[in-house]
Amino acid sequence: MHCGLLLPFVLGIPLLWHCLTATENSGTEKMKQLVAPHSRVKRGWVWNQFSVPEEMNTSHLVGRLRSDLDSGNNSFQYKLLGAGAGTIFTIDEKTGDIHAVQKLDREEQSLYTLRAQVIDTTTGKAVEPESEFVIRVSDVNDNEPTFLDEPYEATVPEMSPEGTFVIQVTASDADDPSTGNNARLLYSLLQGQPYFSIEPTTGVIRISSKMDRELQDEYWVIIQAKDMIGQSGALSGTTSVLIKLWDVNDNKPIFKESFYRMSVSESAPTGTSIGKIMAHDNDIGENAEMDYSIEEEDAQTFDIVTDNETQEGIVILKKKVDFEHQNHYGIRAKVRNRHVQEHLMQYHTEASTTFIKVQVEDEDEPPVFLLPYYIFEISEENPQRTFVGMVSATDPDHQKSPIRYSIIRSKMFSIDDNGTITTTNTLDRESNAWYNLSVAATEIYNVQQISSVPVYVQILNINDHAPELSQYYETYVCENADPGQVIQTISAMDRDESVEDHHFYFNLSMGDKNNSNFIIIDNQDNTAVILTNRTGFSLQEEPVLYISILIADNGIPSLTSTNTLTVYVCDCDDNGNTQSCSNKELALSLGFMMEVVIAILICIMIIFGFVFLTLGLQQRKTQPPFPEKGDGFRETIFSYNDEGGGEEDTEAFDIVELRGSTARRPRRPRTSDIRNLRSLYRQSLQEGPDSAVFRTFILEKLQEADTDPCAPPFDSLQTYAFEGSGSAAGSLSSLASADSELEEDYDYLNELGPRFKRLACMFGSAAQAHN
């Protein structure tokens, strides 16, 4: 069977296609199945493809299908099947003509696969097997080039050489690249000459001329792309490229002004800002950062620092100026960029400079001392008004105001108008070896101008303190001690300061040299040893022994002192260990009791003083001494005037009132030794109102009263005048002491040891003088 005719149109030119029978075609097998019931053998038909141009008008004839069995009697009916059949393509059922009823676009669909069938209308059966064919849409140049990555933007350094790569642009054409030159593009520059150029086939933009950012910092370049390699009838597309120049440091900073005037006060402290200068740089960013400096000869007094925010140069005072010394300065300042690349140094060979004139303003300045501090020396024990030293200050201003001197907060020294410092009191090096003074100088014409200077006064030592034993020694000797036995090693101290090392000399006093009990040996190293000079000491007969030791120093002149060393005789065993020293314990007990009695006597004396003072004040008042309840008087006096019955008088005399509720001391047992009480009583009279015991007692009572939460909210005064006749100690009042002293026998004081020796001597001599 012969194949039918195929009349395709390619680019509008009709062609006649002949197709031979292809037995390997899948459609042939179907045909055989379809025609199997017929007795005669039919010939197959196959259509391969039609080609139709895109953009063709509607109802355009694409081709014709015709079976070779068709005799032209209109008994055959042609049918078109597949995607697009009846919508895009139609077929004339009688003639087999295929028409395109819609506009075709190759870019949307480049080929269509359809099926054809021929049916005998009389029988209603297919006379040919169904056959598949392809309609291919041929390309026409109907798409213009488009750029892919719009918008384009590029950055390139200013002053770049010719040929520097900038950016590459790329366009695309939707037409078929295999059909002629429809998709072959050429690039050209519509705007951007003479600074830029483009490669026609690659779209690479390059610099064709050097550009200065300071003149123009960005450029718009327009690029055109044409298809069909630019031939007639070609389509084109355009795009724009923004090309920016980034800055390089090709400009040096230049001062706007060639001369500046500034002023500074001579009283301005270092670091003071006195003015600003400004240089201009056409570059931007880091390339415009600059550093200011001052030429060498002026850099000691002034300096310039850069304000990194404004790039201004701040002139600061590096060293204080003095109007009287120099009243104006001329400064040469220069400026350079902070960051300059090596290949750009040619633009920065010479720095820009400017001149600054600084005028110093005169100020009223405080006085100035000739020295930053003064050190004087003076020996101790000098009388008042002794010369110490002299300070001097002057007014640095032209008016030369007179100066008045004063010493700030010192009672030991004074200063006159000439700056001469003298003493106002006797100085003691042992109390204070150095004095730190502050001398102020004030201008008389302007008292607001004051300056001060430290003055250090060293007190030099003189040998005015005799040496003494370095500590209190508790020395013992056994009853069975042998001659030459060491019982104590002693040392001495001196409050004076020695130019050389202290050296002390020890010896027995003149009164003890004939004493055969002990001897002293000087070790020549500021110590000495006490040795026994006999054997056999008696605890019963001589419980306590005394040694008078003479100590001399090596000062000029040498001073000596006599010190008493107490030696207690003790009962010792065979090994020399002490068993008992009863007299030592008795002496310590008596000493403790004496302190207690002295404290009580001083307290009573103070109370009597308060009573007498209160009575004197009450006599001067006209109002009743004891106001009625409800008056505004807030003081109450409790008076106890009756003597009572001694130890039994516990109601009239309550010593507890003297003690605070928060701190009560236990009662101390009384002694029945009348002799000891009288001895302690006599010693208490020698203490006087300046006794340390008295001061301690008063401070203690004040502290108790201040911290007592139970204290009444009013003032009260309690007086205790007499203890009573029943006491073994008798009256504690000192009112009748003058009469009783003449009647007493003070020989018992000699028996109490060396501590009461001076007391026995005083009262004994007084009794003899009276007799």
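**View 1. Asn-249 in the loop between strand E21 (236-246) and strand E22 (254-255).** In this predicted model, Asn-249 counts as buried because its relative accessibility is 1%, and buried here means under 20% relative accessible area. The side chain of Asn-249 reaches the backbone oxygen of His-339, and the distance between them is 2.6 Å.

**View 2. The two faces of strand E14 (residues 152-157) and its pairing with E21.** One face of strand E14 is covered and consists of Tyr-152, Ala-154 and Val-156, whereas the other, made of Glu-153, Thr-155 and Pro-157, is uncovered. Strands of a sheet can pair either parallel or antiparallel, in both cases through backbone hydrogen bonds. E14 and E21 pair in the parallel sense, and six bridges join them; in one of these pairings, Glu-153 has Leu-242 in E21 as its bridge partner. In the loop between strand E13 (146-147) and E14 lies Pro-151, which is joined to Glu-150 by a cis peptide bond with an omega of about -5°.

**View 3. An open sheet of three strands in the order E15-E19-E18.** The pairing in this sheet is antiparallel. Strand E15 (165-168) and strand E18 (196-198) stand at the edges with a single partner strand each, so one side of each has no neighbour in the sheet. From one strand to the next, the twist averages 25°. Three bridges link E15 to strand E19 (residues 204-207) in the antiparallel sense, and the bridge partner of Ile-167 in E19 is Ile-205. A further cis peptide bond, with omega of about 5°, joins Gln-193 and Pro-194, and Pro-194 has its place in the loop between strand E17 (186-191) and E18.

**View 4. A second open sheet of three strands, ordered E6-E9-E8.** Here too the strands pair in the antiparallel sense. The edge strands are strand E6 (60-64) and strand E8 (89-91), each of which pairs on one side only. On average, neighbouring strands of this sheet are turned by 30° against each other, when direction is ignored. E6 and strand E9 (residues 97-100) run antiparallel and are joined by four bridges, and Leu-61 stands opposite His-99 in E9.

**View 5. Met-228 and Arg-385, two residues with positive phi.** Met-228 is a residue other than glycine, yet its phi is positive, near 55°; Met-228 lies in the loop between strand E20 (218-226) and E21. With a relative accessible area of 17%, Met-228 is buried, because the cut-off for that word is under 20%. Arg-385 is not a glycine either, and its phi is positive at about 65°. Arg-385 lies in the loop between E31 and strand E32 (387-390), and it counts as exposed because its relative accessibility is 59%, where exposed means over 50%.

**View 6. A nonpolar surface patch made by Tyr-373, Ile-375 and Trp-434.** The patch formed by these three residues has an area of about 340 Å². Tyr-373 lies in the loop between strand E30 (368-369) and strand E31 (374-379). At 46% relative accessibility, Tyr-373 counts as partly exposed, because this class lies between the limits of 20% for buried and 50% for exposed.

Terms used
Residues numbered from 1 in each chain as written. Predicted model: local features only at pLDDT ≥ 70, side-chain atom pairs only at ≥ 80, totals over all residues. Heavy atoms only, no water. Pairing = 2+ DSSP bridges. Axes fitted to C-alpha atoms, helices over the stretch in contact; angles between N-to-C directions. Patch = residues over 30% accessible without salt bridge, like charges linked within 9 Å, V, L, I, M, F, W, Y side chains within 5 Å. Areas by Shrake-Rupley, 256 points an atom, 1.4 Å probe, with all protein chains shown as cover. Salt bridge = Lys/Arg side-chain N within 4 Å of Asp/Glu carboxyl O. Buried < 20%, exposed > 50% of the residue type's maximum accessible area, 1.4 Å probe, protein only. Polar contact = N/O pair within 3.5 Å; in protein donor to acceptor, adjacent residues only side chain to side chain.
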